Every structure is written in structure tokens, then in C-alpha cells.
Amino acid sequence: MTPKIENRVLAAPVVVFLLAMLGFPVLIDIIYSFSEVSFETLRSPKLNYGENFYKVVNDPGFWSASWFSLKFGVLTALAECILGLLLAVYLTPIIKKNNWMIAILIMPMIIAPVMMGLMYRLVFHEFVGSLPHYLYLLFGNSPGFLTRENIFLTLFTIETLQWTPFAFLLFYMAYQAIPGEMREAAAVDGTRPWRMFWFIEIPQMAPTIVAAFFIRFIDGFRVFDNIYVLAGPGPGGASTSLSIYIYETFFSLRDIGKALAASVILFCAAFLILFFVSRFLRRNKS
Amino acid sequence: MGTIELRNVNKSFGSVDVIKDVSLVANEGEFVVFVGPSGCGKSTLLRLIAGLENTSSGSVHIDSKDVTELEPYHRNLSMVFQSYALYPHMSVYGNIAFALKTARVPQPEVDRKVREAAETLKLTPYLNRKPRELSGGQRQRVAIGRAIVRKPKGFLFDEPLSNLDAALRTQTRLEIATLHKTLGSTIIYVTHDQIEAMTLADKIVVLKDGQVMQIGSPKNLYAEPRNTFVAQFIGSPKMNLLTDGTYEGDTMRYHEDVTINTLEVNGNPCILGIRPEDISFCDPNGADLKASVVYNEFHGADNNVFVKVPGLGDLNVRASGKLDLKVGQNIGLTLDKQQIHYFDADGNRVSK
Amino acid sequence: MKINYSNILRWLVFIVAVLVMNFPVISTISASLKTAAEISQSPSLLVHEPTLQNYFSIFEVSERLNIFAYLQNSLIASLIGSILPILLCFPLAYAVARRGYGTNLIFPTIVNLRAMPLIIFAIPLYMMYQTIGLLDTSLGLGLILVVVNLPLALLLLVNAINDVPYELDESARMDGARIFTILIKVVLPICLPTLATVFIFSFITAWNEFLFGLMLTTTNAMPMTVGASFFFSSGGGGIQWGVAAAVIIVASLPPVVLGVLMYKHISRPMIAGAVKG
């Protein structure tokens with residue numbers, strides 16, 4: 001076997017697998033998004049050209065769901081990174097001597113998001129939940145967590161609390177990776193802690209910070225699990241993220257073509273963003 | 001059995017020519033050393049012989065058979081890598097047995113051959129240990145054991161001593177030389193250390209920038225270097241080169257009217273070469289050259305003396321360790337006329 | 001003994017952070033230990049009459065909750081979703097690491113898959129599975145979990161193989177080994193630690209998956225995550241909060257135990273996924 005053929009053989013398992021698992025779905029996505037099809041007529045879609053896309057683009061629900069996901073993604077990523085960074089930097093001295101602290105701190109993110117959502121359902125319950133109970137004791141009043149006004153804040157808080165450990169872990173590792181000599185050189189030059197942090201340590205961790213933000217944004221954007229079990233689409237669609245929108249359109253409204261059209265739009269948007277971000281990163285590296 | 005030949009071999013990586021038209025022969029049972037500075041292509045040449053790289057043009061022959069297109073295994077050569085490349089997850093036994101098992105040799109025979117090789121290299125007590133539990137010298141012996149167990153036509157060594165400390169190096173050098181006598185196989189050995197080359201080789205190939213500078217026995221290279229590169233590469237301390245001279249039949253004239261008596265030669269040399277041990281000290285009056293001592297390195301048995309000769313520059317002289325020399329001292333130099341080497345403006349040897 | 005005041009403050013911050021972030025977990029554990037009577041009376045975190053009855057109730061297999069089935073389904077799907085990525089990716093990782101094959105197209109495509117919202121494939125996958133009969137099977141679920149874990153597996157394996165000295169490959173070649181012998185007998189054993197890390201991280205990710213479990217299974221292959229959530233949708237008779245809390249705890253245990261024991265192993269995938277991705 002020549003090296004070239006060898007390479008193809010080595011790559012074959014993954015490539016064949018992905019083509020089978022994702023290749024067909026992509027084709028189906030494209031074909032069906034341009035067709036009128038229901039659960040009964042699954043095998044025989046009727047082409048209706050851009051009608052589904054038209055429906056999606058003209059659906060205010062689609063745009064509010066997209067806006068929700070965007071807001072959610074950016075805000076949670078921001079909050080998680082800031083909190084994670086502060087925790088990592090502030091707690092480093094005691095964590096260095098007590099490594100087991102990391103295990104406890106990352107526990108929230110090991111739990112399935114859906115489980116977290118269910119736990120919060122318990123916590124928020126007006127009769128059985130512990131949170132309203134203690135808020136009554138402390139403040140005499142407890143807000144409606146899942147009302148239309150509060151639900152975004154509630155979901156934002158849940159997500160942030162669960163995933164801050166992720167940012168924390170990343171930043172802790174990056175903070176450790178800063179060469180000790182760099183800090184020593186700056187210290188000898190008389191650099192005070194605040195300047196050291198802002199002008200030396202942060203720049204060193206910059207790639208990690210960007211990466212953490214990016215990853216958390218992606219995960220926040222496509223959030224589904226915890227919202228679904230806690231509130232579903234929510235009062236007046238107030239908690240409909242883009243993923244929930246697509247799910248509801250498919251399973252509840254049973255409008256397959258429309259759901260797929262929305263999926264295709266999402267795919268293209270994600271692909272384009274990734275493409276430009278990769279180009280940007282590659283240009284910055286060289 | 002075991003003749004290795006390269007014919008007009010060229011190798012390029014992209015637009016960079018790494019090996020330029022190299023031809024050489026390693027005869028059966030010969031210990032051939034490829035030597036040269038870093039980047040001269042000696043390791044690449046070795047890998048071409050092994051089959052780990054393909055030639056860009058030219059051919060490789062083993063026992064008159066053209067092996068240029070053959071995979072490493074089919075060339076029936078063994079290689080000892082610079083970092084030994086021992087499989088860290090296998091024991092010493094496993095490392096040595098690997099090649100035999102790959103060839104599906106039956107287990108009893110594998111066992112016999114592995115123990116035989118281990119015995120030769122005094123590795124038997126370590127057969128069950130993993131490489132990380134061994135010392136550098138022991139690991140090296142395992143690497144050699146792995147090589148000899150296949151009974152190949154020839155051995156290829158890629159700078160095997162560079163990872164050892166000085167004391168171990170001398171001892172292992174002796175072991176390799178003894179191994180050669182015991183096995184009698186063809187060995188091709190790569191090193192940047194000319195002392196290793198001189199002490200181990202039957203034949204030395206000096207390389208520079210991918211080209212062969214000279215091929216010959218150690219004595220040959222030492223006594224008759226074909227060009228200034230070989231002249232200065234072989235032998236330590238380096239040969240003195242007196243450049244910028246004008247040849248006048250039986251003398252070489254340098255700046256400030258300094259002259260050196262020479263023999264008659266065929267050609268027009270402008271560089272004289274003389275080895276430090278071929279210069280002796282004498283009284284300044286009546287000497288060939290007048291010099292002053294710049295610095296003296298005391299080596300115990302020898303003194304390595306740096307002197308300055310007006311009109312010629314700095315020279316290196318080897319003198320007895322019993323001599324007492326002071327910096328700035330004026331001294332005379334006598335040159336052994338028979339040992340003067342002559343080179344032309346291109347650095348090539350001019351014959352007598 | 002010198003008291004370090006700034007460190008005391010740090011410890012406080014640590015404790016507060018842990019308590020706040022894990023508040024729902026603590027609540028749930030406390031609820032799971034309460035009798036049905038106590039739950040309706042006292043929603044505080046303190047348990048006056050702790051009981052393990054709720055946990056025992058779970059294991060009485062009922063129509064509403066067949067925990068053994070759910071756990072088994074999760075186990076099978078998660079094992080498929082964590083072992084198969086390694087088997088599929090290892091050969092390709094070798095080609096990428098050693099020969100730079102696919103660095104222009106295949107490798108970036110697979111790694112960037114991580115950033116794709118996979119829900120876009122869920123619907124057509126549903127239809128595909130329905131046609132070929134993979135709907136509501138642990139195998140079907142496991143296969144899509146493989147796709148979820150592929151990108152990180154490939155990234156980590158490429159890094160691991162890059163750390164294996166190339167001279168070992170060449171030495172094996174001189175010893176007569178062909179590509180697959182080199183892969184399996186030389187490179188793979190040295191990469192075992194990374195394989196373990198990838199497996200653990202993939203297993204946790206696969207176990208925690210919800211969306212695909214929700215969409216691609218109904219009765220036979222329902223994983224623990226979906227089963228637990230269905231237990232919450234009250235189907236007549238109201239929710240027994242104590243039992244529900246116990247269900248959540250039991251469902252969350254496997255990944256938590258694995259993660260806490262192996263936290264050193266899963267920090268590396270996080271870093272790699274972040275900085276290189």
C-alpha cells in the first residue's frame with residue numbers, strides 16, 4: 001500500500017461514518033425544507049419551493065427566538081467568563097495547596113443540564129421549594145421566578161451558575177501556565193498586583209479567555225435542555241430559544257417543512273460565522 | 001555478503017538539495033564512518049540507505065542488488081537510532097523480540113535468539129525490565145541487541161554516542177569496536193565527532209553540504225587531505241593554514257617579506273598547511289620563523305601553544321608538557337618540510 | 001500560629017461559591033431524604049426525620065418509572081457513544097499527526113463540528129431512523145452520541161500521537177512492521193492515558209445528553225435523563241416530590257462519581273477543546 005492509499009484507508013472509518021450519519025440528514029434537510037411534508041406523507045414530500053423559508057422569515061416567533069438565543073449566549077458567556085476569571089485568580093493561592101477543591105468546584109458542570117433544570121423546578125416550587133421558603137423568611141416576599149418578566153433573568157442565572165465552573169477551570173489552568181519568571185521579573189521591576197494582573201497576566205491568558213467566551217457562547221446559543229424541563233416555550237414564548245423554537249415547530253406544531261427551513265437557516269448562519277471566525281483567527285496567528 | 005553501494009544519489013526536500021551526487025562503497029565487513037558538521041546530510045544519507053527516505057535520483061545497492069525501491073525491512077539492515085527508540089511499553093525482552101515476532105518466527109526460536117543476543121550484550125539480568133528502569137548505557141545495549149538479533153546484512157548507527165556522557169562514551173566506543181570484530185558485519189556509522197571517526201573506522205567518508213569531500217582510511221585522510229576542509233576537520237588541534245601566499249618555486253612568500261622554504265610542487269599553491277605537531281620550537285636565531293607566545297594551554301603531557309608570527313598571523317604549536325613558556329616570550333619555529341601540505345586558491349590539494 | 005487573614009476570606013468565598021452553585025443539588029438531596037409528610041409541611045433545607053424510603057421506592061419498578069431500564073439504556077448508549085469515537089478517530093488521528101493528511105479539509109471540518117448546533121440534524125435523523133428502524137433503540141441513540149463526541153476525540157488523539165516520538169515508528173518499520181502493526185502495537189499502547197481521558201469525558205457527555213434522547217427514543221430505549229424528566233410531568237396523582245428528588249439524585253450519580261474521581265482527567269479535554277478549537 002502506498003502512503004496515499006494508506007491515508008485514505010486510515011481516514012475511511014470516520015469519513016464513511018460521518019457521511020452516513022450526517023450526510024444524508026443534510027440532504028434531507030435541504031430537500032424537505034423546500035417541500036411541504038407532514039408525518040403522514042413522510043416519504044413523499046411535495047416541493048413548495050421557498051414557501052417554508054418565507055413562513056419562517058415572516059414568523060415573529062423565529063426572530064424573537066433568534067434574539068433570545070443571541071442575548072442568552074452573549075450574556076451568559078460574559079457572566080461566566082468574568083465570574084470564572086475572578087474565582088480562578090482570587091482562589092488560586094488556596095487551591096494550589098488543596099487540589100481537591102477543583103473537584104468540588106467543577107461538580108455543577110458534570111451534572112446534566114436537564115437534571116439541573118429539574119432540580120431548579122423543585123427549588124422554585126412555591127410550596128415545596130426551598131428558595132421561596134428562605135426568601136419569605138429573609139425578605140417577606142418571593143418573586144415569581146418563571147413569570148414573563150423574570151424568566152429570562154432566572155434562566156440566565158441558572159445557566160451561569162452551572163457553567164461558571166467551566167470558565168473557572170480553563171482560567172485556573174491558564175493562570176497556572178503563566179511562567180513564574182515573568183511574574184518575578186515584573187515584581188523585581190516594582191509592579192503592583194493590580195498592574196500585574198491587568199497588564200501582564202490578562203494578556204497572557206487572552207487566548208484562553210477568547211476561547212472560553214466562544215465556547216460558552218455557542219453552548220448558550222443552542223441551549224435547550226434546562227429550559228425545556230423548566231419552562232418549555234414559556235409564558236407567551238418568553239423562554240423560547242432557537243432550539244426550542246425548532247423543536248416546538250417540529251413536534252408540537254407538526255410543521256416539518258418549516259422546522260427544517262429554520263434548521264437550514266441556523267446551519268448556514270452558524271457555518272458562516274465559523275468560517276469568518278476561523279479566517280480571522282488564522283490571520284491573527286500569522 | 002553485506003556490500004552496500006550508493007551510485008549518484010541525490011536527495012532534495014522541496015527546492016533544497018540535501019544530498020548532491022554521492023557515490024560510495026562499503027565493502028563487506030568494513031566499518032565505514034560518515035562524518036561532517038551539522039547539516040552536512042550524513043543522517044539523511046544513512047536514512048536513504050535504510051529506506052526510511054526515498055532518493056530523488058540515483059540508486060542504492062546491497063550485494064549488487066538494486067534496493068532503491070524496496071521497503072526498509074526488505075533490505076535486511078538494522079538501525080540503531082540516536083535516541084535508541086526503545087518501545088517504552090515493552091520489556092527488554094519484548095523490545096528485542098519485536099522484530100522476530102513481526103516476522104512470525106515461532107516462539108521457541110524467538111526465545112533462543114533473544115537470550116543469545118542478551119547474553120552477548122550482558123543484558124540477561126535485565127530482560128524483564130522496562131526501558132525507563134535502565135541507565136543510558138544499558139538502553140544503548142538494548143538498542144544494539146534489537147539490531148543484532150535479526151542477523152542483518154549490515155548495521156546502521158545514527159550518532160549512537162551523542163546521548164552519553166564523556167566517560168561512558170569512551171567505554172561504549174570500545175564496546176562497539178569489539179562488537180564489530182566479533183560479528184564481522186558491515187557497519188555504517190554516522191557521527192559529527194572526528195575522534196570517533198578516526199578511532200573506529202576502516203574507511204571514513206567526509207561530507208559537507210551534501211557532498212563527499214573525501215573518502216579514505218583514517219591514516220590516508222590525516223596524511224593526505226584532499227582539500228582544506230578535510231585538512232582542518234580531521235585532526236585535533238586543527239591544522240594551521242597559512243593563506244595569502246605567493247609561490248616562488250622553492251619558497252612561499254608572505255606579507256612583510258616572510259618566506260618559508262618549500263618543496264617543488266605541480267601547480268600554483270597559495271595556501272600552506274602544517275599540523276601543530278610538525279612545528280617545533282628552537283632558538284630564535286637561525287629559525288625558519290620568528291614568533292612570540294600569545295597563550296599557552298597546559299594539557300599535562302603536551303602544551304598547546306598559540307604563537308603570533310608577523311606577516312603570517314596566529315599559529316598553533318604542539319610542544320612537550322615539560323617546556324615552560326611565558327606569554328610574550330620570543331621564540332623560533334622550525335617547520336618539518338616533508339609534512340607541509342599545499343593547497344591552491346580553491347582549497348584543493350596540490351601534489352608534490 | 002500565624003493566621004493568614006486574606007486566606008480566610010478566600011476560604012469564605014470558596015465556600016459561598018460552592019454553596020450557591022450547588023444550591024439546587026443540596027436542596028434536592030435534602031428533599032430526597034424527607035418523608036412525604038415532611039415535604040409538604042417544611043420546605044427548608046433541614047431534614048427533621050430523614051428517611052431513605054424515597055430511594056427504596058425508586059427501585060420498586062413501576063409503570064411510571066422503570067429505573068433499571070433507563071439506567072441500562074443510558075449505559076449502552078453512553079458506552080457506544082464513548083468507545084466508538086475512539087475506534088473511528090484513532091486511525092485518522094495517526095494520518096493527521098504523522099503525515100499531515102486532511103489538515104486542510106477533513107480535520108478542521110470534524111473539529112468545527114463541535115460548534116454546530118446539532119439540533120439541525122435531529123429532525124432528518126428522526127426520519128432516517130424511522131425508515132431504517134433505528135428509532136427508539138439504544139444503538140440509534142448511541143450512534144448520534146458518537147457524532148457529538150467525535151470532534152474532541154479527534155483533537156485529543158492527534159495531540160497524543162504528536163507526543164509519541166517519530167523514531168519509534170521508524171524503528172518499528174526497520175523491524176519489519178507495516179502500518180497497522182505500528183498503529184496497534186507501538187503507538188496505541190503509548191497513547192493509552194489519553195484514550196482513558198477521552199473515554200471518561202465522552203462517557204459523561206454522552207450520559208448527560210437530553211435532546212437526542214428526547215427526540216429519538218420513546219419507550220424501549222429511553223435513557224435516564226429523559227426518563228427522569230418524564231417522571232416529573234405529573235401523570236395524574238401529582239408529583240411525589242420526595243421520590244422525584246431521589247430519582248434525580250440517582251440519575252445524576254454516575255457522571256458525578258466518575259467526574260469527581262477523575263477530575264484530573266477531564267480538565268485536559270476542556271483545555272484542549274478550548275485553546276486549540
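Predicted model: local features only at pLDDT ≥ 70, side-chain atom pairs only at ≥ 80, totals over all residues.
1. Starting with chain A: you'll find 13 helices and two strands there. Residues are numbered from 1 along each chain as its sequence is written, and chains are lettered from A and ligands numbered from 1 in the order in which they are written.

2. On overall shape, the C-alpha trace of chain A spans about 75 × 75 × 30 Å along its principal axes. Chain A has a radius of gyration of 24 Å, while a compact globule of 286 residues would come out near 19 Å. That radius is taken over C-alpha atoms, and the globule rule is 2.2 Å times the number of residues to the power 0.38.

3. Burial next. In chain A, 41% of the 286 residues are buried (20 or more other C-beta atoms within 10 Å of the residue's own, with C-beta atoms placed from the backbone). As for contacts (C-beta atoms, placed from the backbone, within 7 Å), 70% of those in chain A between residues at least 6 apart in sequence join residues at least 24 apart.

4. One helix pair to look at: α3 (residues 60–97) and α10 (residues 193–221) of chain A pack at about 145°, axes 9 Å apart. Axes here are lines fitted to C-alpha atoms over the stretch in contact, and angles run from 0 to 180 degrees between N-to-C directions. Residues that meet include F72(A) and V74(A) from α3(A), and F213(A) and F217(A) from α10(A). By class, this contact has twelve nonpolar, four polar and two charged residues; Ala, Val, Leu, Ile, Met, Phe, Trp, Tyr, Cys and Pro count as nonpolar, Asp, Glu, Lys and Arg as charged, and the others, Gly among them, as polar.

5. Then the A–C interface: 74 residues of chain A touch 70 residues of chain C. Helix α1 (residues 3–33) of chain A gives the largest share of chain A's side, 15 residues. That side has 61 nonpolar, eight polar and five charged residues.

6. Last, chain C splits into domain 1 (5–51) and domain 2 (67–275), with bounds from an automatic or database domain assignment. Their contact takes eight residues from domain 1 of chain C and seven from domain 2 of chain C.

Methods: Contact = placed C-beta atoms within 7 Å. Helix = DSSP H or I, 4+ residues; strand = E, 2+ residues; numbered from the N terminus. Buried ≥ 20, exposed ≤ 12 C-beta atoms within 10 Å, placed from the backbone.
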